[in-house]
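Visitor: Please walk me through this model. I want to learn how to read it, feature by feature.

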Amino acid sequence: MRVKICGITQPHQGKTIASLGATALGFICVPSSPRYVNSEQIKAVIEQLPQQTDKIGVFANSSKEEIAQTVAETGLTGVQLHGDEFLDFCQQLRDYLPNIEIIKALRIKTADDFDRAKTYTEYVDTLLLDAYHPEQLGGTGKTLNWDMLQQFNPDCPWFLAGGLTPQNVLEALNKVKPNGIDLSSGVETAPGDKDLDKVSQLFEKLRK
Ligand SMILES: O=C(O)c1ccccc1NCC(=O)[C@H](O)[C@H](O)COP(=O)(O)O
């Protein structure tokens with residue numbers, strides 16, 4: 001099970017979270033987010049991380065040139081597209097950055113969104129299903145309807161995101177079988193400030 005902890009802003013927190021068991025750390029490259037970090041800040045965290053930890057930059061409607069520049073400046077190993085990126089953009093980015101994991105995030109509002117998600121599977125490496133919010137793109141703390149997800153079985157790996165916490169993660173995983181989970185606000189004291197005790201509790205739960 002991949003475990004991505006997203007919205008990392010501080011080097012010592014990133015290093016500790018990786019040592020606690022996170023397989024991936026996420027860095028918000030969306031300027032409107034309270035968790036936004038620039039390339040210098042991302043690089044300062046990545047320099048502290050083990051080589052095997054995945055380093056995922058989260059973008060929303062950035063150009064492929066902007067994404068490529070951030071990847072080159074920081075050492076990101078993957079990019080998560082959290083905006084309205086269509087199939088052709090994903091294909092172009094994959095051609096532009098052939099050695100980088102491309103994750104497409106979809107904010108699930110109705111069951112129709114599951115069919116839309118499946119159209120991406122041949123253009124990206126991984127899907128990420130997140131909760132829909134009318135104003136916020138992500139990091140909302142809102143959960144998806146996990147019962148609606150029980151039949152979701154795409155042709156590529158996928159992350160479950162949205163409102164996961166140490167307290168509800170096992171309930172979610174009893175209902176759906178993603179390849180990975182993604183958490184942000186559920187392991188925070190404030191946006192961008194991770195609660196290391198909550199992260200530790202998460203991995204204690206996952207080891208049960
Ligand atoms: O986290 C943000 O502030 C954010 C802002 C804009 C686009 C995406 C964002 N987060 C993306 C993530 O992958 C979050 O981990 C995901 O939305 C789950 O967040 P949460 O519900 O708080 O666990």
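Guide: Start with accessibility. Buried means under 20% relative accessible area, exposed means over 50%, and partly exposed lies in between (1.4 Å probe, protein chains only). The model is predicted, so local features need pLDDT of at least 70 and side-chain atom pairs need pLDDT 80 or more, while totals for chains, interfaces and linings use all residues. Residues are numbered from 1 along each chain as its sequence is written, and side-chain values use heavy atoms, without hydrogens or water.

Visitor: Is Asn-61 buried, exposed or partly exposed?

Guide: Asn-61 is partly exposed, because its relative accessibility is 47%. Asn-61 sits in the loop between E3 and H3. Those labels are DSSP runs, numbered from the N terminus: helices are H or I with at least four residues, strands are E with at least two. Now check the backbone. Most residues other than glycine have a negative phi. Asn-61 has a positive phi, near 60 degrees, and is not a glycine.

Visitor: Which residues of helix H3 are buried?

Guide: H3 spans residues 64-74, with Ile-67, Ala-68, Thr-70, Val-71 and Thr-74 buried. Viewed down the axis, these buried residues stay within an arc of 160 degrees, so they line one face of H3. The arc is taken from the directions running from the helix axis to the C-beta atoms. The general idea: an α-helix has 3.6 residues a turn, so residues three or four places apart point the same way. The buried residues of H3 pack against H2, strand E3 (54-59), strand E4 (78-81) and helix H4 (87-96).

Visitor: What arc do the buried residues of H1 fall within?

Guide: First, the residues: H1 covers 11-20, and Gln-13, Gly-14, Ile-17 and Ala-18 are buried there. They fall within an arc of 130 degrees, so they line one face of H1. Their cover includes strand E1 (2-6), strand E2 (24-28), helix H2 (39-46), strand E10 (193-194) and helix H7 (196-206). Gly-21 follows H1, and its positive phi is near 135 degrees.

Visitor: How many residues does the largest nonpolar core hold?

Guide: The general idea: in soluble globular proteins, nonpolar side chains tend to be buried together. A nonpolar core is a set of buried Ala, Val, Leu, Ile, Met, Phe, Trp, Tyr and Cys residues joined through side-chain atoms within 4.5 Å. The largest one here has 54 residues. Ile-5, Phe-27, Ile-67, Val-79, Leu-127, Leu-129 and Leu-149 touch the most other members. A second, separate core has seven residues, including Ile-103, Leu-128, Phe-159 and Ala-161.

Visitor: Which residues is Leu-129 in contact with?

Guide: Contact means heavy atoms within 4.5 Å. Beyond its neighbours within four places in sequence, the partners of Leu-129 include Leu-106, Ile-108, Phe-114, Leu-149, Phe-152 and Trp-158.

Visitor: Where does Thr-126 lie?

Guide: Thr-126 is in strand E6, residues 126-131. It is buried, because its relative accessibility is 3%. Its side chain makes a polar contact with the side chain of Glu-101 at 2.6 Å. A polar contact is a pair of N or O atoms within 3.5 Å; within protein, one must be able to donate a hydrogen and the other to accept it, and residues adjacent in sequence count only if both atoms are side-chain atoms. Setting aside neighbours within four places, Thr-126 is also in contact with residues including Arg-2, Ile-103 and Cys-156.

Visitor: What does the side chain of Thr-121 reach?

Guide: It reaches the backbone oxygen of Lys-118, at 3.0 Å. Thr-121 belongs to the loop between helix H5 (112-118) and E6. At 16% relative accessibility, Thr-121 counts as buried. Outside four places in sequence, its contacts are Leu-127, Pro-154, Asp-155 and Cys-156.

Visitor: How many disulfides does the count give?

Guide: A disulfide is a covalent bond between the sulfur atoms of two cysteines. The test is a pair of cysteine sulfur atoms within 2.5 Å. By that rule, the count is zero. The sulfur of Cys-6 is too far for a bond, because the closest cysteine sulfur, in Cys-29, is 9.3 Å away. Cys-156 is in no disulfide either; its nearest cysteine sulfur belongs to Cys-90, 11 Å away. Cys-6 is buried at 6% relative accessible area, and Cys-156 is buried at 9%.
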